[in-house]
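Hello,

I am passing a structure on to you, with my notes on what turned up in it. Please have it open while you read.

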Amino acid sequence: MRSVLVATMCLLGALVVCAQDSESDMSEMCANDHPAVACPKEGKEDWFKLGEGRCVKAFFAEPYLNYNDSEAACVGLGGHLVSIHNKSELHDVDCTMYRLTPGRPPYWIGLFLYFHYEDLLVYEWTDATQLDFNFWAYGQPNFWNDKEECVETNLYDWGRWNDLNCMYGRGHVCAVTI
Ligand SMILES: [Ca+2]
């Protein structure tokens, strides 16, 4: 019995160390490699640069919006839910969320299920840009219960994508072109 207890405590200890590593990794990456650069676009001074031609802002406050309302909120600000096209943009988005909510809650991003037929799942971005990158979490997308047509991020780890029922309330990340 005692050995089981010790093993369990070691496992818990390892998990805590892993979590601390992940946290400090984000802190370091976001300070050094993906720092907050203010958006140069008029009226978007509290947004941050995303790659070369866009700015990004994370929203996480009640009431948490479903997918369609999140996209509508971004359109109302002159953009769309964020699309992500490479690892550098992914980390820009990760750090934008991290600075607002270091606890890694889920946020909607601009990916949605455009078409499905049996096992074929075809996704598009709400800003109509090309789907040329993905960062699914392990085992995703799983189209669970035939009802998961929208995509959230931060499942299991920073930036990992999961398909989810569009009616759930989530934070959301918007992007605008500059
Ligand atoms: Ca899923």
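Thr126 touches Tyr67, Glu71, His80, Leu81, Gly110 and Phe112, leaving aside residues up to four places away in sequence; contact here means heavy atoms within 4.5 Å. With one of these residues, Glu71, there is also a polar contact from side chain to side chain, at 3.0 Å. A polar contact is a pair of N or O atoms within 3.5 Å; within protein, one atom must be able to donate a hydrogen and the other to accept it, and residues adjacent in sequence count only if both atoms are side-chain atoms. Thr126 itself sits in the loop between strand E5 (120-125) and E6. Helices (H or I, at least four residues) and strands (E, at least two) are DSSP runs, numbered from the N terminus.

Before you go further, please note that this is a predicted model, in which local features need pLDDT of at least 70 and side-chain atom pairs count only at pLDDT 80 or more, while totals for chains, interfaces and linings use all residues. Residues are numbered from 1 along each chain as its sequence is written, and side-chain values use heavy atoms, with hydrogens and water left out.

Now to the disulfides. How many disulfides does the count come to? Taking a disulfide as a pair of cysteine sulfur atoms within 2.5 Å, the count comes to four. If you number the bonded cysteines along the chain, the pattern reads 1-5, 2-3, 4-8, 6-7.

Cys39 is joined to Cys55, with 2.1 Å from S to S. The torsion about this S-S bond is about 90°, so the disulfide of Cys39 and Cys55 is right-handed. The bond links distant parts of the chain, 16 residues apart: Cys39 is in the loop between helix H1 (2-32) and strand E1 (48-50), and Cys55 is in strand E2 (residues 54-59). Cys39 and Cys55 are both buried; buried means under 20% relative accessible area, exposed means over 50%, and partly exposed is in between (1.4 Å probe, protein chains only).

The sulfur atoms of Cys74 and Cys174 are 2.0 Å apart in their disulfide. Is the disulfide of Cys74 and Cys174 left-handed or right-handed? Its S-S torsion is about -80°, so the disulfide is left-handed. Because Cys74 lies in helix H2 (residues 67-76) and Cys174 in strand E8 (residues 171-177), the pair ties together parts that are 100 residues apart in sequence. Cys74 counts as buried, at 0% relative accessibility, and Cys174 counts as buried at 0% too.

Cys150 and Cys166 make another disulfide, with sulfur atoms 2.1 Å apart. A torsion of about 95° about the S-S bond makes the disulfide of Cys150 and Cys166 right-handed. Cys150 is in strand E6 (residues 150-153) and Cys166 in the loop between strand E7 (161-164) and E8, so this pair ties together parts 16 residues apart in sequence. Relative accessibility is 2% for Cys150, which counts as buried, and 17% for Cys166, which also counts as buried.

Next, some points about the backbone. Most residues other than glycine have a negative phi, and most peptide bonds are trans. In this model, the peptide bond from Glu62 to Pro63 is cis, with omega near 0°, and Pro63 is in the loop between E2 and H2. Gln140 and Pro141 are also joined by a cis peptide bond, with omega about 0°. Pro141 is placed in the loop between E5 and E6.

Phe143 is found in the loop between E5 and E6. Its phi is positive, about 45°, although Phe143 is not a glycine. Is Phe143 buried or exposed? At 9% relative accessibility, Phe143 counts as buried. Arg104, in the loop between helix H3 (87-100) and strand E4 (107-117), has a positive phi near 60° and is likewise not a glycine. Arg104 counts as partly exposed, at 28% relative accessibility.

With 54% relative accessibility, Tyr117 counts as exposed.

Best wishes
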